[in-house]
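Subject: Handing over the structure

Dear colleague,

My notes on what was found follow directly after them.

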Amino acid sequence: MQWIRSITCILAWRIHWLTMLNREDKRLSPNLAFDDIERKILIQYFQKIVVPSTLPDYIDRLARWGGYLARASDPPPGNTVIWRGMNKLYELRAGFELALDVGN
């Protein structure tokens, strides 16, 4: 059971870290927090929106999966919507990786 606590702590740290990075510097590179597959998924899912270029753009898209509405009067997304968005991203990533392995 100790390994479950360890994984939970790592996930909680990443979610909180993303939330704080989004509030710090608007010019950060998305390579800092997302790998190639995660960036591809976020770009493909939101094709009708302008291609994201900065870390806050990617985090905004992630938060939208968690229920963030991104209205002009809304504060920056918090840990809860980031967590919900990460959950969906992990599910989509699992499907993406399974699709890559089909036929191999």
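In this predicted model, helix H2, which covers residues 36-45, packs with helix H4, residues 79-101, at an angle of about 100°, and their axes are 10 Å apart. Because angles from 65 to 115 degrees count as roughly perpendicular, H2 and H4 are described as roughly perpendicular to each other. On the H2 side the contact is made by Ile37, Glu38, Ile41, Leu42 and Tyr45, and on the H4 side by Lys88, Leu89, Tyr90, Leu92, Arg93, Phe96 and Glu97. If you sort the residues of this contact by class, you will find 8 nonpolar, no polar and 4 charged.

Arginine 93 lies in helix H4, and with a relative accessible area of 17% it is buried, because the cut-off for a buried residue is under 20%. Setting aside residues up to four places away in sequence, arginine 93 touches Asp35, Ile37, Glu38 and Ile41.

Is arginine 14 buried or exposed? Its relative accessibility is 15%, and because a residue under 20% is called buried, arginine 14 counts as buried. Its side chain makes a polar contact with the side chain of tyrosine 90, at 2.9 Å. When residues up to four places away in sequence are not counted, arginine 14 touches Ala33, Phe34, Glu38, Met86 and Tyr90.

Another arginine of helix H1 is arginine 23, and at 41% relative accessibility it counts as partly exposed. The C-alpha atoms of arginine 23 and proline 76 are separated by 7.2 Å, although the two residues are 53 residues apart along the chain. Leaving aside neighbours within four places in sequence, arginine 23 is in contact with Pro76, Pro77 and Gly78.

Helix H1, residues 2-24, meets helix H3, residues 55-65, as well, and their axes come within 9 Å and cross at roughly 130°. That angle makes H1 oblique to H3, and the crossing is left-handed. Leu18, Leu21 and Asn22 in H1 meet Leu55, Pro56, Ile59 and Leu62 in H3, and the residues of this contact divide into 6 nonpolar, 1 polar and no charged.

How many of the residues of H3 are buried? The helix is mostly covered, with 9 of its 11 residues buried, and these are Leu55, Pro56, Tyr58, Ile59, Asp60, Arg61, Leu62, Ala63 and Trp65. The buried residues of H3 pack against H1, H2 and H4.

Finally, please look at the part of the chain that comes after H3. The helix is followed by glycine 67, whose phi is positive, near 110°. Alanine 70, which is found in the loop between H3 and H4, has a phi near 60°, a positive value in a residue other than glycine. Most residues other than glycine have a negative phi. At 26% relative accessibility, alanine 70 counts as partly exposed.

With best wishes

Methods. Residues numbered from 1 in each chain as written. Predicted model: local features only at pLDDT ≥ 70, side-chain atom pairs only at ≥ 80, totals over all residues. Heavy atoms only, no water. Helix = DSSP H or I, 4+ residues; strand = E, 2+ residues; numbered from the N terminus. Buried < 20%, exposed > 50% of the residue type's maximum accessible area, 1.4 Å probe, protein only. Polar contact = N/O pair within 3.5 Å; in protein donor to acceptor, adjacent residues only side chain to side chain. Contact = heavy atoms within 4.5 Å. Axes fitted to C-alpha atoms, helices over the stretch in contact; angles between N-to-C directions. Parallel < 35°, antiparallel > 145°, perpendicular 65-115°, else oblique. Left-handed = near helix turned anticlockwise from the far one by under 90°. Nonpolar A, V, L, I, M, F, W, Y, C, P; charged D, E, K, R; others polar.
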